Each structure stands twice: as C-alpha cells, then as structure tokens.
Amino acid sequence: LELVQSGGGLVQSGGSLRLSCIASGFALRQYAIGWFRQTPGKERVGVSCITTNGDAGYADSVKGRFTISRDDAKNTAYLQMNNVKPEDTAVYFCAVDSICARTFYSGAYIRGPGPAAWGQGAQVTVSS
C-alpha cells in the first residue's frame with residue numbers, strides 16, 4: 001500500500017489550502033481515510049476521518065473549517081483547509097485503515113496498531 005501526498009506549503013492566517021493523497025497500487029474505495037497532523041515533540045493526532053460510505057468526522061479543533069473528501073474514481077482523498085490559523089501549523093499525514101476507529105482522535109489509536117499505510121507527510125505553515 002502506497003500513499004503519495006501533495007499540497008502543503010505556506011499560507012497566511014485566514015487563508016485556504018488543499019492537501020491531496022493519492023493511493024497507488026490498491027483501490028482506495030476499500031478503505032477509510034484519515035488525516036493526521038504532528039508538531040515537533042508532540043504526538044501525531046487525528047484531524048479528520050472519512051468512511052468508505054463517505055461519512056466524515058472531525059476533531060473539534062478543525063470542525064467547521066476543514067473538509068475531508070474522497071474521489072474513489074481518482075483514487076484520491078483530499079483535506080480542504082479553510083480559515084487556517086497559526087495553530088494549524090504542522091506536518092500533515094494521510095493514512096488508510098479498514099474503518100474510522102472509535103479511538104481515531106485519541107492517542108490510543110496511534111499507540112496501537114494504527115493505520116495500514118501512511119503518506120509521506122506534508123508541511124503546512126500558517127503565518128500570522
């Protein structure tokens with residue numbers, strides 16, 4: 001399983017950015033897709049997850065600002081980030097798993113078996 005990310009970069013506070021995650025060598029439609037972020041010295045945390053049926057969930061910190069989506073025909077997932085804030089600065093990772101785990105937004109998910117595959121990560125920097 002291989003996930004290749006694109007997007008990321010520098011954006012001003014209040015601006016928008018879109019991250020993409022392309023699956024290679026497998027059918028993305030068979031998997032739930034999650035987005036995580038990590039800052040230096042801190043644990044990777046779940047940001048958003050979308051099921052195979054398209055049901056989406058979000059961490060409280062991004063609810064109403066970020067939108068997760070999937071285009072299974074293109075084998076691609078997206079994270080649209082609107083009204084970004086400096087505290088959104090992090091390395092963002094996409095990942096796939098069989099389901100959006102109940103523990104997705106807690107550290108327990110990462111400390112456990114975690115996702116089946118990870119993207120390579122993309123730096124997002126929000127300037128104030």
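User: Which residue takes a positive phi in the hairpin of strand 4 and strand 5?
Analyst: This is a predicted model, and in it the residue with a positive phi, near 80°, is Gly41, which belongs to the hairpin of strand 4 and strand 5, where 6 residues lie between the strands.

User: How many bridges join strand 4 to strand 5?
Analyst: There are 5 bridges between strand 4 and strand 5, the latter covering residues 45-50, and the two strands run antiparallel. As an example of residues facing each other, Phe36 stands opposite Gly46 in strand 5.

User: And what about strand 9, how many bridges join strand 4 to it?
Analyst: Strand 4 is joined to strand 9, residues 90-97, by 7 bridges, and this pair also runs antiparallel. Here Arg37 has Tyr92 in strand 9 as its bridge partner.

User: Why is strand 4 described as largely enclosed?
Analyst: Strand 4 spans residues 32-38, and because 6 of its 7 residues are buried, the strand is largely enclosed by the rest of the structure.

User: Changing topic: in what order do the strands of the open sheet come?
Analyst: That open sheet is formed by 4 strands in the order 1-3-8-7, with antiparallel pairing. Its edge strands are strand 1, residues 2-6, and strand 7, residues 66-71, each of which pairs on one side only. On average, neighbouring strands in this sheet are turned by 20° against each other, if direction is ignored.

User: What joins strand 3 to strand 8 there?
Analyst: Strand 3, residues 17-24, and strand 8, residues 76-81, run antiparallel and are joined by 6 bridges. Within this part of the sheet, Ser20 stands opposite Tyr78 in strand 8.

User: Where is Asn75 found, then?
Analyst: Asn75 is found in the loop between strand 7 and strand 8.

User: Is Asn75 buried or exposed?
Analyst: Asn75 counts as buried, because its relative accessibility is 18% and the cut-off for buried is under 20%.

User: Which backbone atoms does the side chain of Asn75 reach?
Analyst: The side chain of Asn75 reaches the backbone oxygen of Phe26 at 2.8 Å, and a polar atom of that side chain also lies 2.8 Å from the backbone nitrogen of Leu28.

User: Which residues does Asn75 touch, leaving out those up to four places away in sequence?
Analyst: With those sequence neighbours left out, Asn75 touches Cys21, Ile22, Ala23, Phe26, Ala27 and Leu28.

Notes:
Residues numbered from 1 in each chain as written. Predicted model: local features only at pLDDT ≥ 70, side-chain atom pairs only at ≥ 80, totals over all residues. Heavy atoms only, no water. Pairing = 2+ DSSP bridges. Axes fitted to C-alpha atoms, helices over the stretch in contact; angles between N-to-C directions. Buried < 20%, exposed > 50% of the residue type's maximum accessible area, 1.4 Å probe, protein only. Polar contact = N/O pair within 3.5 Å; in protein donor to acceptor, adjacent residues only side chain to side chain. Contact = heavy atoms within 4.5 Å.
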